[in-house]
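Thanks for making the time this morning. I would like to walk you slowly through one structure, so please have the sequence and the picture in view while I talk.

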Amino acid sequence: MRTHGNLSPFCVYTILRSGELRKISKNGGRAELSQRKPWSTAKQLLARAQSENLWMPIIFAASEHIESLVYYAELANITLRHNTTTYSFTKLTPIDGRFHHSVNAQIDRQTHPSQLYKAICDLPHAHVSQKSGCK
């Protein structure tokens, strides 16, 4: 079970079509995807988190409405190759719809991505789905 005690202080924020997120969620919550942008810093932070037995969240906004955070998952791997990042994640978890407004009120367009995890796991645990295990 995930807890605050083993949560990395960093995360990755990205966008994906909501239909793709729903499909991944329905198919077990794990996926491997690519972006044409190198996530060099994220790769280093993930390696550090994993060496310290911490889990690092990847937080998703729907590309149709990037102001709302809709899912998060446990980032498993990042591979860089020719300015392309391939990343994999597990445990894709929807952010409980009852708390979208409350969670998103904590974030503005100036929020640095490394601070976004606070909207998921560092606020009172009611801000995430009870299934998430974030306590």
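Let me begin with a question: which residues have the most contacts inside the largest nonpolar core? Before I answer, please keep in mind that what you see is a predicted model. The residues with the most contacts inside that core, which has 24 residues, are Ile58, Phe60, Leu75, Tyr87, Phe89 and Leu92. At least two residues of this core are supplied by each of β1, α1, β2, α2, β3, β4 and β5, and the largest share, five residues, comes from β4.

To see what such a position looks like, take Leu75, which, if we leave aside residues up to four places away in sequence, touches Val12, Leu46, Gln50, Met56, Ile58, Tyr87, Ser88 and Phe89. Apart from this core lies another one, of eight residues, and among them are Trp55, Ile59, Ala61 and Ile95.

Now to the sheet. It is an open sheet of five strands, whose pairing is mixed and whose order reads β1-β3-β4-β5-β2. The edges are taken by β1, residues 12-16, and β2, residues 31-35, and because each has a single partner strand, one side of each is left without a neighbour in the sheet. On average, and with direction ignored, neighbouring strands here are turned by 45 degrees against each other.

Within the sheet, β4, which covers residues 65-81, and β5, which covers residues 84-94, run antiparallel and are joined by nine bridges; Leu80, for instance, has Thr85 in β5 as its bridge partner. Packing on this sheet we find helix α2, residues 40-51, which touches β1 and β4 and whose direction makes about 75 degrees with that of β4.

That leaves the other helix I wanted to show, α1, and here I would ask: which of its residues are buried? They are Ser18, Leu21 and Ile24, and since they cover an arc of only 120 degrees around the axis, they lie on the same side of α1. After α1 comes Gly28, and its phi is positive, near 105 degrees.

I will stop there and am happy to go back to any part of the picture.

Conventions: Residues numbered from 1 in each chain as written. Predicted model: local features only at pLDDT ≥ 70, side-chain atom pairs only at ≥ 80, totals over all residues. Heavy atoms only, no water. Pairing = 2+ DSSP bridges. Helix = DSSP H or I, 4+ residues; strand = E, 2+ residues; numbered from the N terminus. Axes fitted to C-alpha atoms, helices over the stretch in contact; angles between N-to-C directions. Contact = heavy atoms within 4.5 Å. Core = buried A, V, L, I, M, F, W, Y, C linked by side-chain atoms within 4.5 Å. Buried < 20%, exposed > 50% of the residue type's maximum accessible area, 1.4 Å probe, protein only. Arc of directions from axis to C-beta.
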